[in-house]
Amino acid sequence: MRTALPFLLCSAVTFAAPAKPVVALLPPDAPDDDLAGFGMMLEARAAELIEQSGKFSELHVKQVLSMAEAEGLAANTLSEPANAAAARAFLGADRLVTLQLDTNARGMALTGSIIDGKKTTPFSAKLPVTWPEALVQGSEAVAKAVLATEKATLPKKSSAQPESKSPEALRLLAQCYAIVIRQPLGIDNPAVLNGEELDAASAACEKALAQDPSLKFAAAVLALSRAITGDADGATKALNGLSATDDMVEPYTLARFWMVTRFQSNEDGLASLKDVLKRHPGELIALNYLADTQGVLNDHAGAQASWTEYLTLVPASPFAHGRLSKALARQNKHDEAIAAAKKALELAPGSKAARLELGSRYIDANKVDDAITTLAALTDAKGEALLRLGWAHWLKGSVDAAAPLFQKALDTATAPSEWRTRGRAHYNLALVEAKRGKADAAKAALKASMLTGYKVRAVDPLLEKIAKDVERAEMQKPSADAGAVAKLSLPKESSLVPFDPMGNADLTKKKDAPPQGFVIYKF
(Lines give C-alpha, C1' and ligand atoms only; values in the text may rest on other atoms or scores of the structure.)
Protein backbone atom coordinates (compact mmCIF):
# COMPACT_ATOMS: atom_id res chain seq x y z
CA MET A 1 0.00 0.00 0.00
CA ARG A 2 1.16 3.54 -0.68
CA THR A 3 0.47 6.66 1.31
CA ALA A 4 -1.31 9.66 -0.14
CA LEU A 5 -0.16 13.18 0.49
CA PRO A 6 -1.66 14.44 3.74
CA PHE A 7 -4.71 16.65 3.67
CA LEU A 8 -5.30 19.56 6.01
CA LEU A 9 -5.60 18.43 9.61
CA CYS A 10 -9.23 18.07 10.59
CA SER A 11 -10.31 19.02 14.08
CA ALA A 12 -13.48 20.30 15.68
CA VAL A 13 -14.29 23.16 13.35
CA THR A 14 -17.29 25.13 12.24
CA PHE A 15 -17.94 24.74 8.55
CA ALA A 16 -20.79 27.15 8.03
CA ALA A 17 -20.08 30.57 6.57
CA PRO A 18 -22.65 33.36 6.63
CA ALA A 19 -25.85 32.06 5.07
CA LYS A 20 -25.88 32.12 1.28
CA PRO A 21 -28.80 31.41 -1.02
CA VAL A 22 -29.49 27.69 -1.31
CA VAL A 23 -29.89 26.45 -4.87
CA ALA A 24 -31.01 23.09 -6.22
CA LEU A 25 -31.00 21.92 -9.83
CA LEU A 26 -33.94 19.63 -10.59
CA PRO A 27 -33.42 16.60 -12.86
CA PRO A 28 -33.80 17.64 -16.50
CA ASP A 29 -36.93 17.10 -18.54
CA ALA A 30 -36.02 15.49 -21.87
CA PRO A 31 -37.82 13.42 -24.53
CA ASP A 32 -35.53 10.37 -24.33
CA ASP A 33 -32.98 8.67 -22.09
CA ASP A 34 -29.97 9.83 -24.13
CA LEU A 35 -30.89 13.48 -23.86
CA ALA A 36 -31.84 13.07 -20.20
CA GLY A 37 -28.38 11.60 -19.53
CA PHE A 38 -26.80 14.50 -21.36
CA GLY A 39 -28.87 16.87 -19.23
CA MET A 40 -27.66 15.21 -16.03
CA MET A 41 -24.05 15.78 -17.12
CA LEU A 42 -24.84 19.35 -18.10
CA GLU A 43 -26.31 20.01 -14.67
CA ALA A 44 -23.32 18.39 -12.93
CA ARG A 45 -20.95 20.70 -14.79
CA ALA A 46 -23.16 23.72 -14.13
CA ALA A 47 -23.29 22.85 -10.42
CA GLU A 48 -19.51 22.77 -10.26
CA LEU A 49 -19.29 26.19 -11.93
CA ILE A 50 -21.84 27.55 -9.45
CA GLU A 51 -19.92 26.04 -6.52
CA GLN A 52 -16.70 27.66 -7.72
CA SER A 53 -18.31 31.09 -7.46
CA GLY A 54 -18.69 30.78 -3.69
CA LYS A 55 -22.02 32.60 -3.92
CA PHE A 56 -24.34 29.69 -3.09
CA SER A 57 -24.86 26.61 -0.97
CA GLU A 58 -25.86 23.74 -3.23
CA LEU A 59 -28.14 20.77 -2.81
CA HIS A 60 -26.74 17.87 -4.83
CA VAL A 61 -28.93 16.01 -7.30
CA LYS A 62 -28.69 12.91 -5.07
CA GLN A 63 -30.39 14.90 -2.32
CA VAL A 64 -33.08 16.01 -4.75
CA LEU A 65 -33.69 12.45 -5.90
CA SER A 66 -33.80 11.19 -2.31
CA MET A 67 -36.41 13.83 -1.47
CA ALA A 68 -38.51 12.83 -4.47
CA GLU A 69 -38.50 9.19 -3.40
CA ALA A 70 -39.40 10.02 0.21
CA GLU A 71 -42.28 12.23 -0.89
CA GLY A 72 -43.59 9.89 -3.59
CA LEU A 73 -42.78 12.25 -6.47
CA ALA A 74 -41.57 11.02 -9.85
CA ALA A 75 -38.18 12.59 -10.54
CA ASN A 76 -39.03 13.33 -14.17
CA THR A 77 -42.08 15.38 -13.12
CA LEU A 78 -40.36 17.70 -10.63
CA SER A 79 -40.20 20.56 -13.13
CA GLU A 80 -43.99 20.70 -13.38
CA PRO A 81 -45.17 23.89 -11.63
CA ALA A 82 -47.08 22.22 -8.76
CA ASN A 83 -44.32 19.68 -8.13
CA ALA A 84 -41.60 22.33 -8.35
CA ALA A 85 -43.35 24.43 -5.71
CA ALA A 86 -43.65 21.40 -3.44
CA ALA A 87 -40.04 20.39 -4.09
CA ARG A 88 -38.80 23.85 -3.12
CA ALA A 89 -40.58 23.56 0.22
CA PHE A 90 -39.47 19.98 0.83
CA LEU A 91 -35.83 20.88 0.07
CA GLY A 92 -35.83 24.20 1.91
CA ALA A 93 -34.16 25.77 -1.14
CA ASP A 94 -34.19 29.49 -1.87
CA ARG A 95 -34.00 28.84 -5.60
CA LEU A 96 -34.86 25.92 -7.81
CA VAL A 97 -33.57 25.52 -11.34
CA THR A 98 -35.69 23.65 -13.87
CA LEU A 99 -34.27 22.52 -17.19
CA GLN A 100 -35.83 21.23 -20.40
CA LEU A 101 -33.88 19.91 -23.37
CA ASP A 102 -35.03 19.14 -26.87
CA THR A 103 -33.50 18.72 -30.31
CA ASN A 104 -34.31 20.12 -33.70
CA ALA A 105 -32.74 20.10 -37.15
CA ARG A 106 -30.22 22.78 -36.18
CA GLY A 107 -29.15 21.56 -32.74
CA MET A 108 -30.41 21.49 -29.17
CA ALA A 109 -32.81 23.83 -27.45
CA LEU A 110 -32.28 24.50 -23.75
CA THR A 111 -35.01 26.24 -21.79
CA GLY A 112 -35.25 26.63 -18.07
CA SER A 113 -36.38 28.74 -15.17
CA ILE A 114 -35.16 29.88 -11.78
CA ILE A 115 -37.92 29.72 -9.18
CA ASP A 116 -37.72 31.62 -5.91
CA GLY A 117 -40.29 32.71 -3.37
CA LYS A 118 -41.43 35.70 -5.41
CA LYS A 119 -41.03 35.02 -9.10
CA THR A 120 -40.00 32.65 -11.86
CA THR A 121 -37.21 33.86 -14.14
CA PRO A 122 -36.94 32.06 -17.49
CA PHE A 123 -33.73 31.55 -19.45
CA SER A 124 -32.85 29.78 -22.68
CA ALA A 125 -29.96 28.94 -24.97
CA LYS A 126 -29.50 27.52 -28.45
CA LEU A 127 -26.88 24.78 -28.38
CA PRO A 128 -24.99 23.00 -31.13
CA VAL A 129 -25.91 19.42 -31.94
CA THR A 130 -22.42 18.16 -31.02
CA TRP A 131 -22.22 17.05 -27.39
CA PRO A 132 -18.76 18.38 -26.43
CA GLU A 133 -19.63 21.94 -27.42
CA ALA A 134 -23.24 21.71 -26.23
CA LEU A 135 -22.13 20.45 -22.80
CA VAL A 136 -19.82 23.41 -22.21
CA GLN A 137 -22.16 26.05 -23.63
CA GLY A 138 -25.26 24.65 -21.93
CA SER A 139 -23.68 24.30 -18.49
CA GLU A 140 -22.30 27.82 -18.72
CA ALA A 141 -25.73 29.14 -19.74
CA VAL A 142 -27.30 27.54 -16.65
CA ALA A 143 -24.52 28.75 -14.35
CA LYS A 144 -24.70 32.29 -15.74
CA ALA A 145 -28.47 32.41 -15.20
CA VAL A 146 -28.09 31.31 -11.58
CA LEU A 147 -25.15 33.62 -10.86
CA ALA A 148 -27.04 36.57 -12.34
CA THR A 149 -29.54 36.32 -9.49
CA GLU A 150 -26.68 37.40 -7.20
CA LYS A 151 -25.30 39.90 -9.72
CA ALA A 152 -22.31 37.65 -10.27
CA THR A 153 -20.69 36.38 -13.45
CA LEU A 154 -18.53 33.50 -14.59
CA PRO A 155 -14.80 34.16 -14.84
CA LYS A 156 -13.50 34.64 -18.38
CA LYS A 157 -11.75 31.29 -18.20
CA SER A 158 -13.70 28.60 -16.37
CA SER A 159 -12.94 24.92 -16.02
CA ALA A 160 -15.22 22.20 -14.72
CA GLN A 161 -16.02 18.54 -15.12
CA PRO A 162 -17.34 16.72 -17.04
CA GLU A 163 -15.68 17.96 -20.19
CA SER A 164 -14.32 16.08 -23.19
CA LYS A 165 -13.72 16.60 -26.89
CA SER A 166 -14.90 13.05 -27.56
CA PRO A 167 -18.64 12.78 -28.33
CA GLU A 168 -18.54 9.01 -27.83
CA ALA A 169 -16.85 9.33 -24.43
CA LEU A 170 -19.58 11.72 -23.31
CA ARG A 171 -22.38 9.47 -24.60
CA LEU A 172 -20.94 6.55 -22.66
CA LEU A 173 -20.48 8.69 -19.54
CA ALA A 174 -24.10 9.86 -19.78
CA GLN A 175 -25.29 6.24 -19.77
CA CYS A 176 -23.13 5.48 -16.73
CA TYR A 177 -23.79 8.62 -14.70
CA ALA A 178 -27.57 8.56 -15.11
CA ILE A 179 -27.65 5.11 -13.48
CA VAL A 180 -25.04 5.56 -10.75
CA ILE A 181 -26.27 8.93 -9.48
CA ARG A 182 -29.73 7.48 -8.80
CA GLN A 183 -28.41 4.75 -6.49
CA PRO A 184 -28.92 5.13 -2.73
CA LEU A 185 -25.66 5.12 -0.78
CA GLY A 186 -26.88 3.12 2.20
CA ILE A 187 -25.60 5.35 4.99
CA ASP A 188 -28.30 5.06 7.64
CA ASN A 189 -30.05 2.10 5.99
CA PRO A 190 -28.75 -0.70 3.78
CA ALA A 191 -29.52 -0.19 0.10
CA VAL A 192 -30.56 -2.92 -2.30
CA LEU A 193 -28.88 -2.23 -5.64
CA ASN A 194 -29.45 -3.55 -9.14
CA GLY A 195 -26.11 -5.26 -9.61
CA GLU A 196 -26.54 -5.99 -13.31
CA GLU A 197 -27.54 -2.41 -14.05
CA LEU A 198 -24.57 -1.04 -12.12
CA ASP A 199 -22.16 -3.46 -13.78
CA ALA A 200 -23.40 -2.20 -17.15
CA ALA A 201 -22.95 1.38 -15.95
CA SER A 202 -19.40 0.67 -14.79
CA ALA A 203 -18.61 -0.92 -18.15
CA ALA A 204 -19.89 2.21 -19.91
CA CYS A 205 -17.67 4.42 -17.72
CA GLU A 206 -14.66 2.23 -18.47
CA LYS A 207 -15.37 2.56 -22.20
CA ALA A 208 -15.68 6.33 -21.77
CA LEU A 209 -12.24 6.42 -20.17
CA ALA A 210 -10.84 4.31 -22.97
CA GLN A 211 -12.15 6.93 -25.41
CA ASP A 212 -10.81 9.83 -23.31
CA PRO A 213 -8.43 8.98 -20.42
CA SER A 214 -8.51 12.63 -19.28
CA LEU A 215 -12.23 12.47 -18.45
CA LYS A 216 -11.84 12.58 -14.67
CA PHE A 217 -15.56 12.71 -14.05
CA ALA A 218 -15.90 9.24 -15.62
CA ALA A 219 -13.17 7.88 -13.33
CA ALA A 220 -14.93 9.37 -10.30
CA VAL A 221 -18.33 7.93 -11.26
CA LEU A 222 -16.69 4.56 -11.97
CA ALA A 223 -15.03 4.62 -8.54
CA LEU A 224 -18.37 5.32 -6.86
CA SER A 225 -20.15 2.61 -8.83
CA ARG A 226 -17.50 0.01 -8.03
CA ALA A 227 -17.36 1.06 -4.37
CA ILE A 228 -21.07 0.69 -3.63
CA THR A 229 -21.32 -2.65 -5.47
CA GLY A 230 -18.51 -4.07 -3.36
CA ASP A 231 -15.85 -4.19 -6.10
CA ALA A 232 -13.10 -2.82 -3.88
CA ASP A 233 -10.35 -3.59 -6.38
CA GLY A 234 -12.15 -1.77 -9.18
CA ALA A 235 -12.95 1.21 -6.96
CA THR A 236 -9.34 1.42 -5.80
CA LYS A 237 -8.01 1.36 -9.35
CA ALA A 238 -10.37 4.17 -10.38
CA LEU A 239 -9.65 6.27 -7.27
CA ASN A 240 -5.90 5.99 -7.69
CA GLY A 241 -6.21 7.89 -10.97
CA LEU A 242 -7.61 10.88 -9.10
CA SER A 243 -6.35 13.22 -6.38
CA ALA A 244 -7.58 15.59 -3.69
CA THR A 245 -7.65 18.42 -6.21
CA ASP A 246 -10.56 16.61 -7.84
CA ASP A 247 -12.78 16.82 -4.77
CA MET A 248 -15.20 19.25 -6.39
CA VAL A 249 -16.24 16.30 -8.52
CA GLU A 250 -18.76 14.97 -5.99
CA PRO A 251 -18.64 11.33 -7.11
CA TYR A 252 -14.93 11.33 -6.21
CA THR A 253 -15.63 12.83 -2.80
CA LEU A 254 -18.30 10.20 -2.11
CA ALA A 255 -16.28 7.27 -3.45
CA ARG A 256 -13.25 8.25 -1.37
CA PHE A 257 -15.39 8.66 1.75
CA TRP A 258 -16.97 5.24 1.16
CA MET A 259 -13.66 3.42 0.65
CA VAL A 260 -11.87 5.14 3.53
CA THR A 261 -14.73 4.30 5.90
CA ARG A 262 -14.96 0.69 4.73
CA PHE A 263 -11.25 -0.12 4.72
CA GLN A 264 -9.39 2.47 6.79
CA SER A 265 -11.47 3.63 9.76
CA ASN A 266 -14.79 5.23 10.62
CA GLU A 267 -12.93 8.22 12.02
CA ASP A 268 -10.96 8.76 8.82
CA GLY A 269 -14.15 8.47 6.78
CA LEU A 270 -15.65 11.32 8.80
CA ALA A 271 -12.39 13.25 8.51
CA SER A 272 -12.51 12.96 4.72
CA LEU A 273 -15.87 14.73 4.69
CA LYS A 274 -14.73 17.37 7.17
CA ASP A 275 -11.72 18.02 4.97
CA VAL A 276 -13.96 18.65 1.96
CA LEU A 277 -16.23 20.93 3.99
CA LYS A 278 -13.31 23.08 5.14
CA ARG A 279 -12.56 23.89 1.52
CA HIS A 280 -16.09 23.75 0.10
CA PRO A 281 -18.57 24.65 2.86
CA GLY A 282 -21.34 25.03 0.32
CA GLU A 283 -21.36 21.33 -0.61
CA LEU A 284 -24.38 20.38 1.44
CA ILE A 285 -24.27 16.71 0.50
CA ALA A 286 -20.96 16.33 2.37
CA LEU A 287 -22.47 17.81 5.54
CA ASN A 288 -25.58 15.65 5.04
CA TYR A 289 -23.50 12.45 4.87
CA LEU A 290 -21.30 13.57 7.76
CA ALA A 291 -24.33 13.95 10.02
CA ASP A 292 -25.93 10.71 8.83
CA THR A 293 -22.71 8.78 9.43
CA GLN A 294 -22.27 10.23 12.90
CA GLY A 295 -25.77 9.01 13.72
CA VAL A 296 -25.05 5.51 12.40
CA LEU A 297 -21.88 5.40 14.51
CA ASN A 298 -23.97 6.29 17.59
CA ASP A 299 -22.36 9.72 17.92
CA HIS A 300 -25.73 11.35 18.33
CA ALA A 301 -24.33 14.49 19.94
CA GLY A 302 -22.04 14.88 16.93
CA ALA A 303 -24.98 14.31 14.57
CA GLN A 304 -26.98 16.92 16.48
CA ALA A 305 -24.14 19.42 16.05
CA SER A 306 -23.80 18.67 12.33
CA TRP A 307 -27.52 18.97 11.65
CA THR A 308 -27.58 22.22 13.62
CA GLU A 309 -24.71 23.39 11.42
CA TYR A 310 -26.64 22.32 8.32
CA LEU A 311 -29.61 24.40 9.46
CA THR A 312 -27.46 27.52 9.66
CA LEU A 313 -26.96 27.03 5.92
CA VAL A 314 -30.46 25.76 5.05
CA PRO A 315 -32.73 27.07 7.82
CA ALA A 316 -35.92 26.18 5.92
CA SER A 317 -34.99 22.50 5.41
CA PRO A 318 -37.71 20.22 6.83
CA PHE A 319 -35.43 17.28 6.10
CA ALA A 320 -32.67 18.64 8.34
CA HIS A 321 -35.11 19.53 11.12
CA GLY A 322 -36.43 15.97 10.94
CA ARG A 323 -32.95 14.46 11.10
CA LEU A 324 -32.08 16.78 13.97
CA SER A 325 -35.16 15.50 15.79
CA LYS A 326 -33.92 11.93 15.43
CA ALA A 327 -30.48 12.82 16.83
CA LEU A 328 -32.13 14.51 19.80
CA ALA A 329 -34.47 11.57 20.44
CA ARG A 330 -31.53 9.16 20.50
CA GLN A 331 -30.19 11.23 23.42
CA ASN A 332 -33.58 11.04 25.18
CA LYS A 333 -34.15 14.75 24.57
CA HIS A 334 -37.73 14.04 23.60
CA ASP A 335 -39.27 17.47 24.10
CA GLU A 336 -36.58 19.07 21.94
CA ALA A 337 -36.92 16.26 19.39
CA ILE A 338 -40.66 16.77 19.08
CA ALA A 339 -40.18 20.53 18.72
CA ALA A 340 -37.69 20.00 15.88
CA ALA A 341 -40.01 17.55 14.12
CA LYS A 342 -42.93 19.95 14.51
CA LYS A 343 -40.81 22.67 12.91
CA ALA A 344 -40.17 20.37 9.93
CA LEU A 345 -43.89 19.81 9.40
CA GLU A 346 -44.60 23.51 9.89
CA LEU A 347 -42.14 24.32 7.08
CA ALA A 348 -43.66 21.72 4.75
CA PRO A 349 -47.19 20.74 5.86
CA GLY A 350 -47.59 18.47 2.85
CA SER A 351 -44.39 16.51 3.49
CA LYS A 352 -44.94 12.81 4.06
CA ALA A 353 -41.39 12.44 5.37
CA ALA A 354 -41.83 15.25 7.91
CA ARG A 355 -45.12 13.79 9.16
CA LEU A 356 -43.52 10.36 9.51
CA GLU A 357 -40.66 11.87 11.52
CA LEU A 358 -43.05 13.66 13.89
CA GLY A 359 -45.12 10.52 14.39
CA SER A 360 -41.93 8.59 15.13
CA ARG A 361 -40.81 11.17 17.68
CA TYR A 362 -44.14 10.84 19.47
CA ILE A 363 -43.63 7.07 19.58
CA ASP A 364 -40.10 7.60 20.95
CA ALA A 365 -41.60 9.75 23.72
CA ASN A 366 -44.42 7.22 24.34
CA LYS A 367 -47.03 9.81 23.36
CA VAL A 368 -49.01 7.26 21.45
CA ASP A 369 -52.26 9.23 21.05
CA ASP A 370 -50.33 12.06 19.39
CA ALA A 371 -48.48 9.52 17.26
CA ILE A 372 -51.74 7.95 16.09
CA THR A 373 -53.28 11.32 15.23
CA THR A 374 -50.16 12.39 13.32
CA LEU A 375 -49.56 9.17 11.39
CA ALA A 376 -53.23 8.54 10.60
CA ALA A 377 -53.20 11.75 8.54
CA LEU A 378 -50.68 10.27 6.08
CA THR A 379 -52.34 9.78 2.72
CA ASP A 380 -51.64 6.64 0.69
CA ALA A 381 -49.52 5.26 3.53
CA LYS A 382 -47.64 2.04 2.80
CA GLY A 383 -45.09 -0.27 4.35
CA GLU A 384 -43.03 1.37 7.06
CA ALA A 385 -45.50 4.20 7.71
CA LEU A 386 -48.31 1.71 8.35
CA LEU A 387 -46.03 -0.37 10.51
CA ARG A 388 -45.32 2.62 12.74
CA LEU A 389 -48.99 3.57 12.95
CA GLY A 390 -49.84 -0.01 13.86
CA TRP A 391 -47.11 -0.02 16.49
CA ALA A 392 -48.54 3.11 18.09
CA HIS A 393 -51.92 1.34 18.40
CA TRP A 394 -50.13 -1.72 19.83
CA LEU A 395 -48.39 0.39 22.46
CA LYS A 396 -51.75 1.84 23.39
CA GLY A 397 -53.08 -1.69 23.88
CA SER A 398 -55.42 -1.53 20.86
CA VAL A 399 -54.65 -4.97 19.43
CA ASP A 400 -57.62 -5.03 17.07
CA ALA A 401 -56.66 -1.65 15.63
CA ALA A 402 -53.01 -2.64 15.23
CA ALA A 403 -53.57 -5.99 13.47
CA PRO A 404 -55.03 -4.76 10.15
CA LEU A 405 -52.34 -2.07 9.93
CA PHE A 406 -49.60 -4.68 10.37
CA GLN A 407 -51.27 -6.78 7.67
CA LYS A 408 -51.58 -3.82 5.29
CA ALA A 409 -47.94 -2.91 5.95
CA LEU A 410 -47.02 -6.45 4.95
CA ASP A 411 -49.16 -6.32 1.80
CA THR A 412 -47.77 -2.97 0.62
CA ALA A 413 -44.07 -3.50 1.40
CA THR A 414 -43.35 -5.21 -1.89
CA ALA A 415 -39.94 -3.86 -2.93
CA PRO A 416 -36.90 -6.13 -2.50
CA SER A 417 -35.37 -3.50 -0.21
CA GLU A 418 -38.38 -3.76 2.17
CA TRP A 419 -37.66 -7.31 3.35
CA ARG A 420 -37.03 -6.08 6.88
CA THR A 421 -40.37 -4.26 6.88
CA ARG A 422 -42.08 -7.47 5.78
CA GLY A 423 -40.20 -9.40 8.45
CA ARG A 424 -41.17 -6.94 11.15
CA ALA A 425 -44.80 -6.98 10.00
CA HIS A 426 -44.91 -10.79 10.26
CA TYR A 427 -43.25 -10.57 13.69
CA ASN A 428 -45.79 -8.00 14.88
CA LEU A 429 -48.62 -10.19 13.60
CA ALA A 430 -47.13 -13.03 15.65
CA LEU A 431 -47.35 -10.75 18.69
CA VAL A 432 -51.00 -10.07 17.87
CA GLU A 433 -51.87 -13.77 17.59
CA ALA A 434 -49.97 -14.59 20.78
CA LYS A 435 -51.84 -11.82 22.58
CA ARG A 436 -55.10 -13.32 21.34
CA GLY A 437 -54.03 -16.74 22.59
CA LYS A 438 -53.78 -18.26 19.11
CA ALA A 439 -50.51 -20.14 19.43
CA ASP A 440 -50.63 -21.89 16.04
CA ALA A 441 -51.28 -18.66 14.17
CA ALA A 442 -48.50 -16.97 16.16
CA LYS A 443 -46.10 -19.80 15.20
CA ALA A 444 -46.98 -19.43 11.54
CA ALA A 445 -46.46 -15.67 11.61
CA LEU A 446 -43.19 -15.98 13.51
CA LYS A 447 -41.86 -18.57 11.08
CA ALA A 448 -42.88 -16.34 8.18
CA SER A 449 -40.91 -13.54 9.80
CA MET A 450 -37.85 -15.75 10.15
CA LEU A 451 -38.13 -16.82 6.51
CA THR A 452 -37.74 -13.20 5.39
CA GLY A 453 -34.35 -13.08 7.12
CA TYR A 454 -35.56 -10.68 9.81
CA LYS A 455 -34.29 -11.45 13.30
CA VAL A 456 -34.78 -9.51 16.52
CA ARG A 457 -31.96 -9.22 19.03
CA ALA A 458 -34.20 -10.36 21.88
CA VAL A 459 -37.54 -12.12 21.40
CA ASP A 460 -40.51 -10.46 23.07
CA PRO A 461 -41.61 -12.34 26.23
CA LEU A 462 -44.96 -13.04 24.54
CA LEU A 463 -43.14 -15.08 21.89
CA GLU A 464 -40.33 -16.75 23.86
CA LYS A 465 -41.99 -20.17 24.16
CA ILE A 466 -43.38 -20.01 20.61
CA ALA A 467 -39.94 -19.09 19.23
CA LYS A 468 -38.41 -22.14 20.94
CA ASP A 469 -41.15 -24.35 19.50
CA VAL A 470 -40.50 -23.01 15.99
CA GLU A 471 -36.75 -23.56 16.30
CA ARG A 472 -37.28 -27.09 17.69
CA ALA A 473 -39.66 -27.96 14.85
CA GLU A 474 -37.16 -26.66 12.32
CA MET A 475 -34.39 -28.82 13.77
CA GLN A 476 -36.58 -31.93 13.78
CA LYS A 477 -37.40 -31.76 10.06
CA PRO A 478 -35.92 -34.41 7.74
CA SER A 479 -32.44 -33.43 6.60
CA ALA A 480 -33.63 -32.61 3.08
CA ASP A 481 -36.08 -30.03 4.45
CA ALA A 482 -34.20 -28.81 7.52
CA GLY A 483 -32.57 -25.43 7.70
CA ALA A 484 -34.97 -23.61 5.40
CA VAL A 485 -34.56 -20.50 7.52
CA ALA A 486 -30.78 -20.71 7.40
CA LYS A 487 -30.79 -21.24 3.62
CA LEU A 488 -33.04 -18.31 2.74
CA SER A 489 -31.91 -16.04 -0.06
CA LEU A 490 -31.67 -12.32 0.72
CA PRO A 491 -31.18 -9.49 -1.76
CA LYS A 492 -27.63 -8.20 -2.07
CA GLU A 493 -27.27 -5.07 0.02
CA SER A 494 -24.82 -2.22 0.02
CA SER A 495 -24.05 -0.27 3.17
CA LEU A 496 -21.31 1.90 4.57
CA VAL A 497 -21.10 -0.21 7.74
CA PRO A 498 -22.50 -3.71 8.37
CA PHE A 499 -26.16 -3.94 9.39
CA ASP A 500 -27.78 -6.79 11.28
CA PRO A 501 -31.01 -8.53 10.18
CA MET A 502 -33.07 -6.15 12.32
CA GLY A 503 -31.65 -3.13 10.50
CA ASN A 504 -29.30 -1.85 13.18
CA ALA A 505 -25.68 -0.96 12.45
CA ASP A 506 -23.31 -3.69 13.64
CA LEU A 507 -20.23 -1.78 14.75
CA THR A 508 -18.55 -4.81 16.33
CA LYS A 509 -17.32 -6.27 13.04
CA LYS A 510 -13.71 -5.69 12.07
CA LYS A 511 -12.87 -3.84 8.89
CA ASP A 512 -12.11 -5.98 5.86
CA ALA A 513 -8.52 -6.02 4.67
CA PRO A 514 -7.99 -3.20 2.16
CA PRO A 515 -7.57 -4.19 -1.48
CA GLN A 516 -4.13 -4.21 -3.03
CA GLY A 517 -3.04 -0.74 -4.07
CA PHE A 518 -5.42 0.99 -1.66
CA VAL A 519 -4.12 4.41 -0.67
CA ILE A 520 -3.88 5.17 3.05
CA TYR A 521 -5.22 8.68 3.32
CA LYS A 522 -3.89 11.06 5.96
CA PHE A 523 -6.10 13.79 7.34
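These questions and answers walk through a predicted model, from its cores to its helix pairs.

Residues are numbered from 1 along each chain as its sequence is written. In this predicted model, local features need pLDDT of at least 70, side-chain atom pairs count only at pLDDT 80 or more, totals for chains, interfaces and linings use all residues, and side-chain values use heavy atoms, with hydrogens and water left out.

Me: Which residues touch the most other members of the largest nonpolar core?
Reply: A nonpolar core is a set of buried Ala, Val, Leu, Ile, Met, Phe, Trp, Tyr and Cys residues joined through side-chain atoms within 4.5 Å. Buried means under 20% relative accessible area, exposed over 50%, and partly exposed in between, with a 1.4 Å probe and protein chains only. The largest core holds 130 residues, and the ones touching the most other members are Phe-38, Leu-173 and Tyr-177.

Me: Which helix gives the most to this core?
Reply: Helices are DSSP runs of H or I with at least four residues, strands are E runs of at least two, and both are numbered from the N terminus. The top contributor gives 10 residues, and it spans residues 216–228: helix 7.

Me: Which residues does Tyr-177 contact, leaving aside its neighbours within four places in sequence?
Reply: Contact means heavy atoms within 4.5 Å. Tyr-177 belongs to the largest core. Its partners are Met-40, Met-41, Ala-44, Val-61, Phe-217, Val-221 and Pro-251.

Me: How many residues are in the second, separate core?
Reply: Ala-354, Ala-381, Ile-466 and Ala-467 are included in this second core. Its number of residues is 43.

Me: Is His-60 buried or exposed?
Reply: His-60 sits in the loop between strand 2 (57–59) and helix 2 (61–71). Not counting residues up to four places away in sequence, it touches Ile-181, Glu-250 and Ile-285. Its relative accessibility is 9%, so His-60 counts as buried.

Me: How far apart in space are Ser-66 and Gln-183, C-alpha to C-alpha?
Reply: Ser-66 lies in helix 2. Its relative accessibility is 43%, so it counts as partly exposed. In sequence, Ser-66 and Gln-183 are 117 residues apart, while in space the C-alpha distance is 9.4 Å.

Me: Which two residues does a cis peptide bond join?
Reply: One of them, Pro-162, is in the loop between helix 4 (131–148) and helix 5 (167–180). Omega is about 0° for the bond between Gln-161 and Pro-162.

Me: Is Asn-298 buried or exposed?
Reply: Asn-298 lies in the loop between helix 11 (284–296) and helix 12 (300–313). Its phi is near 65°, a positive value in a residue other than glycine. Relative accessibility is 52%, so Asn-298 counts as exposed.

Me: What is the relative accessible area of Asn-332?
Reply: Asn-332 is in the loop between helix 13 (318–329) and helix 14 (334–347). Its phi is positive, about 60°, although it is not a glycine. Asn-332 is exposed, with a relative accessible area of 60%.

Me: Which helices do the buried residues of helix 17 pack against?
Reply: The buried residues of helix 17 include Leu-386, Leu-389 and Trp-394. They pack against helix 15 (352–364), helix 16 (368–376), helix 18 (399–412) and helix 19 (419–435).

Me: Are helix 16 and helix 17 roughly parallel or antiparallel?
Reply: Axes are lines fitted to C-alpha atoms, for helices over the stretch in contact, and angles run from 0 to 180 degrees between N-to-C directions. Under 35 degrees counts as roughly parallel, over 145 as roughly antiparallel, 65 to 115 as roughly perpendicular, and the rest as oblique. Here the axes come within 9 Å and cross at roughly 155°. Helix 16 and helix 17 are therefore roughly antiparallel.

Me: At what angle do helix 12 and helix 13 pack?
Reply: Residues that meet include Trp-307 and Leu-311 in helix 12 and Phe-319 and Leu-324 in helix 13. The axes are 9 Å apart, and the angle is about 160°. That makes helix 12 and helix 13 roughly antiparallel.

Me: Are helix 13 and helix 15 roughly parallel or antiparallel?
Reply: Their axes come within 10 Å and cross at roughly 10°. On the helix 15 side, the contact is made by Glu-357, Arg-361 and Asp-364. Helix 13 and helix 15 are therefore roughly parallel.
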